Amino acid sequence: MTTILPAFAGANTLYGAGMLELGMTFSLEQLVFDNDMISMTKKAMQGIPVSEETMAVDAIDQVGIGKNFLAHKTTRENIDLPSSPAIIDRMMYGDWEMAGSKDLATVAHEKVVDIMKNHEVEPIDADLLKDMKAVVEKADKAFKGA
């Protein structure tokens, strides 16, 4: 049986994604990074699954108290439970070096370039668009009449 332990209580607003200098500057790279942080926060807010498997008691018994069980199969299988970032790299240092040693700013910039080049905006449903335009027209008439 799995129990979900709540990670946060009451937090429901995340503000300032992409902003620098108290909002005086905006960075698409910062937005990509903040999106990763927000995604991880939202995942943590779902709670932490607690079960025989996630507590890894058997793995700790196999490896031994006080020893390193980061490379144990159970740890590798559960590493993304708390979060699964898109651009934050969790490779070991040597593997990161062999993969090109890209810092977070470079990875974020590459993601921005990829999004700008390849992202396609899904069209808004025609009925919804019609309703949205009606709301704007009503607001425009109310403003002009005031």
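Predicted model: local features only at pLDDT ≥ 70, side-chain atom pairs only at ≥ 80, totals over all residues.

1. In what follows, helices are DSSP runs of type H or I with at least four residues, and they are numbered from the N terminus.

2. Two packed helices are described by the angle between their axes and the distance between the axes. For helix 1 (residues 28-45) and helix 6 (residues 104-118), the axes come within 8 Å and cross at roughly 100°. An angle of 65 to 115 degrees counts as roughly perpendicular, and helix 1 and helix 6 are therefore roughly perpendicular to each other. On the side of helix 1, the contact is formed by Leu28, Glu29, Val32 and Phe33, and helix 6 contributes residues including Ala105, Ala108 and Val112. By class, the contact comprises eight nonpolar, one polar and two charged residues.

3. The second largest pocket holds about 170 Å³ of space. Both helix 1 and helix 6 supply at least two residues of its lining, and helix 1 gives the most, with five residues. Among the lining residues of this pocket are Leu28, Val32, Lys111, Val112 and Ile115. The lining has eight nonpolar, one polar and two charged residues.

4. The largest pocket has a volume of about 300 Å³. Its lining has 18 residues, of which Ile48, Thr54, Asn78, Leu81 and Pro82 are the closest to the centre. Helix 1, strand 4 (48-50), helix 2 (52-55) and helix 4 (73-78) each supply at least two lining residues. The lining of the largest pocket divides into 11 nonpolar, five polar and two charged residues.

Terms used
Residues numbered from 1 in each chain as written. Heavy atoms only, no water. Axes fitted to C-alpha atoms, helices over the stretch in contact; angles between N-to-C directions. Parallel < 35°, antiparallel > 145°, perpendicular 65-115°, else oblique. Contact = heavy atoms within 4.5 Å. Nonpolar A, V, L, I, M, F, W, Y, C, P; charged D, E, K, R; others polar. 1 Å grid on protein atoms, 1.4 Å probe; cavity = no way out; pocket = protein on both sides within 12 Å on 5 of 7 lines; lining within 4 Å. Points joined across faces, edges and corners; volume = space filled by probe spheres on them.
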